[in-house]
Amino acid sequence: MTHEKAERKIKNLIYDYAHCIDDDCLEEWPTFFTEKCFYQVISRVDYEAGLPVGVITCTSRGMLVDRIVSLRNANIYEPHVYRHLISAIRVRSEKDGVWNAQTSYTVIRTMDEGDISVFSTGKYIDQIVFEVDKPLFQNRICVFDSRRVDTLMVIPI
Amino acid sequence: MTHEKAERKIKNLIYDYAHCIDDDCLEEWPTFFTEKCFYQVISRVDYEAGLPVGVITCTSRGMLVDRIVSLRNANIYEPHVYRHLISAIRVRSEKDGVWNAQTSYTVIRTMDEGDISVFSTGKYIDQIVFEVDKPLFQNRICVFDSRRVDTLMVIPI
Amino acid sequence: MTHEKAERKIKNLIYDYAHCIDDDCLEEWPTFFTEKCFYQVISRVDYEAGLPVGVITCTSRGMLVDRIVSLRNANIYEPHVYRHLISAIRVRSEKDGVWNAQTSYTVIRTMDEGDISVFSTGKYIDQIVFEVDKPLFQNRICVFDSRRVDTLMVIPI
């Protein structure tokens with residue numbers, strides 16, 4: 001696969017991921033990852049300090065499925081939706097079939113009552129592999145800019 | 001036309017549309033649509049419920065022209081400008097010459113006095129046709145995330 | 001170079017510029033410009049009126065370097081980070097090796113204490129040249145939508 005072609009597929013993966021969450025198709029969210037994967041939401045300060053503990057850490061597709069099941073069944077929270085703004089996708093390099101990418105994001109949250117706010121900004125640090133031409137996240141780290149974490153983080157970033 | 005080429009033209013159409021509004025070239029806004037067209041601004045809740053009535057509904061280029069004429073002449077409102085953030089354009093399929101696309105947007109509004117706020121977030125659901133190589137919106141539905149509508153919706157989304 | 005190829009490189013230049021600032025690699029920021037260059041931050045109202053004086057004006061790479069040196073050493077300000085959202089890059093034309101582009105931007109600012117706000121929205125008006133296949137800004141004008149300028153403009157837009 002040429003770099004251009006891989007880049008195009010990776011961009012669409014990142015776009016589809018965002019639409020999947022914003023369209024509330026959360027049951028499909030784990031299918032964007034490889035079976036054995038790493039998904040983490042971590043603050044910029046902790047990430048840069050090399051601290052391994054994120055706000056959320058999942059190490060398999062099964063754990064991602066669990067998150068959605070509990071979100072649908074167990075969690076009690078005020079209804080809200082996300083809108084992801086994806087910016088400046090940079091597919092930087094490939095080694096042994098693993099592609100590295102960095103992307104900026106902002107999530108705007110709209111509460112059921114109508115309040116709109118900038119919920120989170122940051123960047124995705126991704127490692128992507130292709131399984132039979134289909135790109136999947138092997139590693140997706142969401143590094144958010146703030147030190148402060150909103151207590152209401154139910155829907156994935 | 002290849003899918004790649006059509007996709008590139010459609011992306012530029014969506015970008016130019018945003019710049020047209022943000023640069024206050026509103027007289028050009030109707031030229032992005034086919035003569036007989038459908039433009040609607042509707043809440044997510046109403047859209048998903050299949051309710052046909054939007055906040056704004058126009059069914060021809062002439063109606064779009066009328067909106068701009070009244071905006072320039074009749075409406076009285078506090079001066080403000082928009083900035084569109086366009087994200088994750090996904091050209092999904094083509095059938096009988098009609099292309100389907102989905103795009104996330106956020107509009108930041110800056111009032112003349114300086115107040116900046118997130119005015120609207122949502123997605124565009126588009127149907128696009130080519131007239132002699134030039135892409136045009138046959139159908140553009142702006143589905144906004146909030147239930148609440150700002151009373152000040154003069155400039156098109 | 002084909003238009004498509006130039007466009008791809010210019011988009012990556014604009015993306016890398018944004019990541020450079022957001023990742024706090026400010027020492028690299030001047031390397032995105034030609035030796036003799038023009039960088040200006042100016043309000044929309046002043047820009048449209050043809051007023052030549054911006055909030056910030058630099059006319060050489062050396063002046064850009066100076067800004068970063070004083071930012072690192074002399075300025076005293078509350079710590080904060082930026083997140084650029086880049087939208088709707090339009091590479092419009094090329095003449096005598098100079099490419100013209102227009103891009104919308106929004107900068108979200110996160111203070112050390114955690115406050116998140118929309119700091120600035122506007123557009124970049126760029127003139128780009130290639131030096132041995134590498135695109136550089138010869139001219140970058142940041143036209144912000146608001147009349148009001150935040151007193152805290154230390155980090156470049």
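From the N terminus on, the elements of chain A follow the order α-β-α-β-α-β-β-β-β in this predicted model. Counted up, the secondary structure of chain A amounts to 3 helices and 6 strands. The C-alpha trace of chain A spans about 45 × 30 × 25 Å along its principal axes. How does the radius of gyration of chain A agree with that of a compact globule? A compact globule of 157 residues would have a radius of gyration near 15 Å, and chain A has 15 Å, so the two agree.

We can now turn to how the chains are arranged. In general, two copies of a chain are related by a rotation about an axis and a shift along it. Here, chain B is superposed on chain A by a rotation of 120°, with 0.0 Å of shift along the axis and an RMSD of 0.0 Å. The two copies are therefore related as by a three-fold rotation axis. Which residue of chain B has the C-alpha nearest the axis? That residue is S87(B), whose C-alpha lies 4.1 Å from the axis. The copies use different surfaces, since 8% of the contact residues of chain B recur in chain A.

The contact itself draws on both partners, with 24 residues from chain B and 22 residues from chain A. The size of an interface is often given as the accessible area lost when the parts come together. Between them, chain B and chain A bury about 2,000 Å², and 45% of this area is on carbon and sulfur atoms.

What kinds of pairing link the two chains? Between chain B and chain A there are 7 salt bridges. One of them joins R92(B) to D16(A), with the closest N and O atoms 3.4 Å apart. The count of residue pairs in polar contact between chain B and chain A is 15, taking pairs with both residues at pLDDT 80 or more.

Which elements of chain B supply at least two residues each to the side that touches chain A? They are α1 (3–22), β3 (80–95), β4 (98–111) and β5 (116–131) of chain B. The largest share comes from β3(B), which gives 6 residues to the side of chain B that touches chain A. Sorted by class, this side of chain B has 6 nonpolar, 9 polar and 9 charged residues.

Methods. Residues numbered from 1 in each chain as written. Chains lettered and ligands numbered in written order. Predicted model: local features only at pLDDT ≥ 70, side-chain atom pairs only at ≥ 80, totals over all residues. Heavy atoms only, no water. Least-squares fit on C-alpha atoms with pLDDT ≥ 70 in both. Contact = heavy atoms within 4.5 Å. Buried area = accessible area lost by both parts, 1.4 Å probe. Salt bridge = Lys/Arg side-chain N within 4 Å of Asp/Glu carboxyl O. Polar contact = N/O pair within 3.5 Å; in protein donor to acceptor, adjacent residues only side chain to side chain. Helix = DSSP H or I, 4+ residues; strand = E, 2+ residues; numbered from the N terminus. Nonpolar A, V, L, I, M, F, W, Y, C, P; charged D, E, K, R; others polar. Rg over C-alpha atoms; globule rule 2.2 N^0.38 Å.
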